[in-house]
Amino acid sequence: MTYFGSTGGLPRPAAVKGAPAGPDAVAPADPGKPGSRRQSDRLGAILLSDYFVLYLSLFYVAVLIPFLPTLATPANMSNVLSNMWPLLVVAVGQTFVLTIAGIDLSQGSVAGLTSILIAMLLATAAPAQVLGHTPIWGLMLTEAGGPLAGVAYGTWLGIGIVLAVAALIGLANGLAVAVLKMPAFMVTLVALIALSAFAIWLTQSNNIRELPADFVALGKGTIVSLFFGDQHSAQLPRREVHAFVTWPMIVAVSVAVVAHVLLGHTVFGRRVFAIGLNRRAAEISGVPVVRIVVLVFVISAVCAAIGGLLYTARLETGRPTLGGGNFLLDVIGATVIGGTSLFGGKAKILWTVWGVLFFVLLGNTLNLMNLSAFHIDMVKGGVIIAAAFLDVARQRLRRGMG
Amino acid sequence: MDALLELDAVTKEWFGVPAVSDLTLRIPRGEVVGIIGENGAGKSTLMNVIGGVVPPTRGRMRFKGADYAPAAPADATGAGIAFIHQELNLFTNLSILDNVFITGFPRRFGLADRRAAATVTRTLLERLDIRHDPETLVEDLAPGERQLVEIAKALHRSVDLIIFDEPTTSLTPRETVRLFEVISGLRREGRTVIYISHILSDVRALCDRVAVLRDGRLVDEGPVGDFGIARMIRSMIGRELSSLFPPRSAAPSEKVLVQARGLSQPGVVEDITFSIREGEILGLFGLMGSGRSELARIFFGLDPVAEGSLIVAGRAVSGGPMARISDGIAFVTENRREEGLLMDAPVAENISLATVEQLGRGPLGLLDRDVERAVAERAKVDLSIRASDLSRLPVRSLSGGNQQKVVIAKWLAAAPRLFILDEPTRGVDVGAKYEIYALADRLAAAGNAVLFISSELEELTGMCDRVLVMNRGEITAGFDRAPDMPHFDREALLAAAFREVVA
């Protein structure tokens, strides 16, 4: 594994740095800056700001609005927000793993498995002609639905079970990485392949519908809606009522806030960073490396499961392929665009929030331009490369300013 | 005097701040010139200017009588200048031969002619007295041998000037002796050498001339015969340093604080038994591979041990680093970059790392940053760490000596009773060395036990109450500092360390 900072890294061009290069370099004694530096300082401050990607998103929207007037409509804004929340929860989990210089490729498969498990448990009915030949038929699922159908607090029980399963998957990932010292990439890649296949096998690639109303409300339930129509009409026309504060928003924002505190302001978070910055030094300084690494993978899997639950509720369907396709690209792409380093030790939940916002906006605008799915992915790929480059540039700038 | 390299009023500024200013220096052909100076004195910048890494802001250079203005490192190489850096520039996964010919193989029918290359390489290796086949992989060589391969690479390019930057930091005493023989051989062949080092006695023994840099200026220069160690230090730090070592402020008590009994791990250490008293600095001397660093790792629970016990302050210790820290052990490792510090984290976070649990408040363990800052500020004053903004400045931007103080501050926060210092002054300049010695004395005077591991005999004899010698995983001898006789028997110490290895 590579740890950010512990290696020599790229040859540093001396002109970028504010201090002499080489081992003799001491803290720069605040060199007297020529006037031209002040402007670049201001640019640097923007580049290094925690809100940089938010600025970038706003700039992006501002530039596109003249060409894409639909972008700023309440309907579209509501859509952008609703796309943002599940992705944000999953990306928050990924942020923790990236901070320890790991990666969790299994998040998509965890989301897919979550989707099928919760539907299996909660479905209120199931058609035999579709699901009758699946391995779960009769065992978990019958014409009358899943085992928790109609059970009091069944929805909450089901959610608890599913999150526990996800936690176990995270535990297995974490133990393989921390105790068996296997590379996170391999461990979670294998988990991705195996768990996706397992989820698809469970329902023979079929979806499960007929989810109970209280669960579906989790994906769609609206707490505050905004009305932009004619105030005087007696009846509100449905088209002009737009969900603003929804249950997914409450869930995602709560997860993000807790994660922000956990990663940025607790002993646990400090240790997560220490492992990402220099695992050996952390271990020698008494950081319980195994415990922290395992916990981080548990957090990642549980976040993936919560994201999976939100998607499932929104789609009103248990779908085994939920986390397939480019899901992983979106998660890791959004996190890295936010500024979290793939080399570990550099992350902020706030960055991830902006990264997800930017990524969702990007997908949304490309959709509005009527680009095909292929074009959208091509552009997204390009944006990730640009973000990776920007990350390198920011890092250099940061060192120069340090 | 025929000068091979002449620097004429060379200045290198970074954003208006001079790192090297107005430096005029002549490097005579066929001599070994030692360049010394504290960290930050401008040695590396000067070498980067000579090596074409950065252009000088002002001034001119002449090499072999012609104007010399390298635009890139390749120009320096082409002109006949070779650098042997602290961190070697070798491909360890390739053979010696591949490394020597990395820039171009001899060709035969358009293909690389390995046989011809092997013949050349063998000759080079014989000249340097390396007894390895040219096809040996570099990763299978000892650090000292690798350095000689780097020299072989330079000789293959028939260079006129070879610049060594701290070449002995990772070498054993024997390898160092061998390197010096090679450098003397280079001088006999008429080649010119610039030798940068912190080890002043080496400079005295090896060089013909000495140049001292301070704050980017040449402050002293002349034939080595005019330079005693005292003058070198005075020139380097710009003030008188009465002694290399601080006086010990208190004598050790009679009370045993640390007791190792029969620690054994097959192939690593064998029946290690000794004790350290309160207030005692116990030196552990041994060559590389003697088991001294391995013993430190066993003490700290990083490596397994098959038999034996370790008692600190009356309690048998066990478990990993976390448990050992709470049992009162601190471990300043030999390579602070890899094992001691989070280089990109701020100073304050490094200082609190081992005790971060104590900063937790409430069930979530919310960090108390005020306390963290206070602890760091206290450590800054206490250890005179030179750093401006402790909560923001990354440790990476501190000098080696200050980095080492941050490591020590981290352990001081955990209030340990046993300090294991493994090569604590490696890569640290003279002034900071003195401060680290003074710290070791303070730790001992406060009633703690200090295990001081080093391959520099001077610092052990200068600081320790007792010195144990390790050889092949065993403690082979122990030497006391008699109250009436302030010095150790150096010959006997060295003999004990080399015993059997020599035979």
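A residue counts as buried here if 20 or more other C-beta atoms lie within 10 Å of its own, and as exposed if 12 or fewer do. The model is predicted, and the values below are computed from it.

The buried set runs from Lys43(B), Ser44(B), Thr45(B) and Leu46(B) to Met47(B), Asn48(B), Val49(B) and Ile50(B). After α1(B) comes Gly52(B), which has a positive phi, near 80°.

α1(B) lies across β1 and β2 of chain B, and runs at about 65° to β2(B). Strands β1 and β2 belong to an open sheet of four strands in chain B, ordered β2-β1-β4-β5 and paired antiparallel. Strands of a sheet pair through backbone hydrogen bonds, either parallel or antiparallel. At the edges of this sheet stand β2 and β5 of chain B; each has a single partner strand, so one side of each is left without a neighbour in the sheet. Between β1(B) and β4(B) the antiparallel pairing extends over five bridges, and Leu7(B) stands opposite Met61(B) in β4(B).

| Strand | Residues |
|---|---|
| β1(B) | 3-14 |
| β2(B) | 17-28 |
| β4(B) | 58-63 |
| β5(B) | 66-67 |

**Domains of chain B**

The domain assignment divides chain B into domain 1 (3-237) and domain 2 (256-328 + 416-498). Their C-alpha centres lie 35 Å apart. Nine residues from domain 1 of chain B and eight residues from domain 2 of chain B take part in the contact. On the domain 1 side, helix α8 (residues 229-237) of chain B gives the most, with three residues. By class, that side of domain 1 of chain B has four nonpolar, four polar and one charged residues.

**Arg466(B)**

Arg466(B) is located in strand β23 (residues 466-471) of chain B.

Apart from neighbours within four places in sequence, the contacts of Arg466(B) include Glu280(B), Leu282(B) and Gly283(B). Gly478(B), Phe479(B), Asp480(B) and Arg481(B) are also in contact with Arg466(B). Ala306(B) is 160 residues from Arg466(B) in sequence, and the C-alpha to C-alpha distance between the two is 27 Å.

How values were computed
Residues numbered from 1 in each chain as written. Chains lettered and ligands numbered in written order. Predicted model: local features only at pLDDT ≥ 70, side-chain atom pairs only at ≥ 80, totals over all residues. Helix = DSSP H or I, 4+ residues; strand = E, 2+ residues; numbered from the N terminus. Contact = placed C-beta atoms within 7 Å. Domains from an automatic or database assignment. Nonpolar A, V, L, I, M, F, W, Y, C, P; charged D, E, K, R; others polar. Pairing = 2+ DSSP bridges. Axes fitted to C-alpha atoms, helices over the stretch in contact; angles between N-to-C directions.
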